[in-house]
Amino acid sequence: MSAELKKINQECVGSSFDDFLQEEGIYEEVTETAIKRVLAWQLKQEMKAQKVSKAALARRMKTSRSSVDRLLDPKNNAATLACIDRAAKALGKTVRLEFVDVEKDESALCPC
């Protein structure tokens with residue numbers, strides 16, 4: 001990478017992506033979808049690591065396979081915390097949620 005590109009990458013140009021999403025009025029929707037996609041991905045990865053099928057997870061959770069399918073669907077934002085918690089426990093895991101100050105949130109793409 002050239003010195004000029006490195007300099008451009010190190011500078012903060014314009015507003016953050018979060019600001020853009022807020023200006024477009026879609027910040028909350030995009031954030032909810034991103035969180036659900038990460039949860040679905042983590043659940044799939046843990047099932048794969050433990051070699052647990054959807055049917056087996058459903059039995060452990062005492063629910064239907066279609067419920068597990070909805071939980072694993074990254075586009076389905078209807079998963080409840082209770083359902084996510086049951087899935088985690090069925091895999092010997094726990095769910096951790098936390099509130100983070102907006103100013104201290106390190107997920108912002110541009111620390112302007």
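Let's start with a close pair: Asp85 and Lys89 form a salt bridge, with 2.8 Å between the closest N and O atoms. The two residues are four apart in helix 6, so about one helical turn separates them. Keep in mind that this is a predicted model.

**Salt bridges**
- The structure holds three salt bridges, and the one between Asp85 and Lys89 sits within helix 6.
- Asp85 is partly exposed, with a relative accessible area of 23%, whereas Lys89 counts as exposed at 56%.
- Another salt bridge joins the side chains of Glu46 and Lys93, with an N to O distance of 4.0 Å.
- Glu46 belongs to helix 3 (residues 27–50) and Lys93 to the segment after helix 6, so this pair ties together parts that are 47 residues apart in sequence.
- Lys93 is partly exposed, its relative accessible area being 42%.
- Asp69 and Lys54 also meet through their side chains in a salt bridge, at 3.2 Å from N to O.
- Because Asp69 lies in helix 5 (residues 65–72) and Lys54 in helix 4, the pair links parts 15 residues apart in sequence.

**Helix crossing**
- The chain's elements run α-α-α-α-α-α from the N terminus on.
- Helix 4 (residues 54–61) and helix 6 have axes that come within 9 Å and cross at roughly 105°.
- The two helices are therefore roughly perpendicular to each other.
- On the helix 4 side, Leu57, Arg60 and Met61 make the contact, while helix 6 contributes Cys83, Arg86, Ala87 and Ala90.

**Surface and burial**
- Leu81, Val95 and Leu97 form a nonpolar patch on the surface, and together they have about 290 Å² of accessible area.
- Val95 is placed in the segment after helix 6 (81–90) and is partly exposed, with a relative accessible area of 31%.
- The protein chain as a whole exposes about 8,800 Å², of which carbon and sulfur atoms supply 54%.
- Of its 112 residues, 21% count as buried.

**Contacts along the chain**
- Among contacts in the protein chain with a separation of 6 or more, 57% come from residues 24 or more positions apart.

Methods:
Residues are numbered from 1 along each chain as its sequence is written. This is a predicted model: local features need pLDDT of at least 70, side-chain atom pairs count only at pLDDT 80 or more; totals for chains, interfaces and linings use all residues. Side-chain values use heavy atoms; hydrogens and water are left out. Patches are made of residues with over 30% relative accessible area and no salt bridge: like charges are joined within 9 Å, nonpolar side chains (Val, Leu, Ile, Met, Phe, Trp, Tyr) within 5 Å. Accessible areas come from the Shrake-Rupley method with a 1.4 Å probe; for residues, only the protein chains shown count as cover. Buried means under 20% relative accessible area, exposed over 50%, partly exposed in between (1.4 Å probe, protein chains only). Contact means heavy atoms within 4.5 Å. Axes are lines fitted to C-alpha atoms, for helices over the stretch in contact, and angles run from 0 to 180 degrees between N-to-C directions. Angles under 35 degrees count as roughly parallel, over 145 as roughly antiparallel, 65 to 115 as roughly perpendicular and the rest as oblique.
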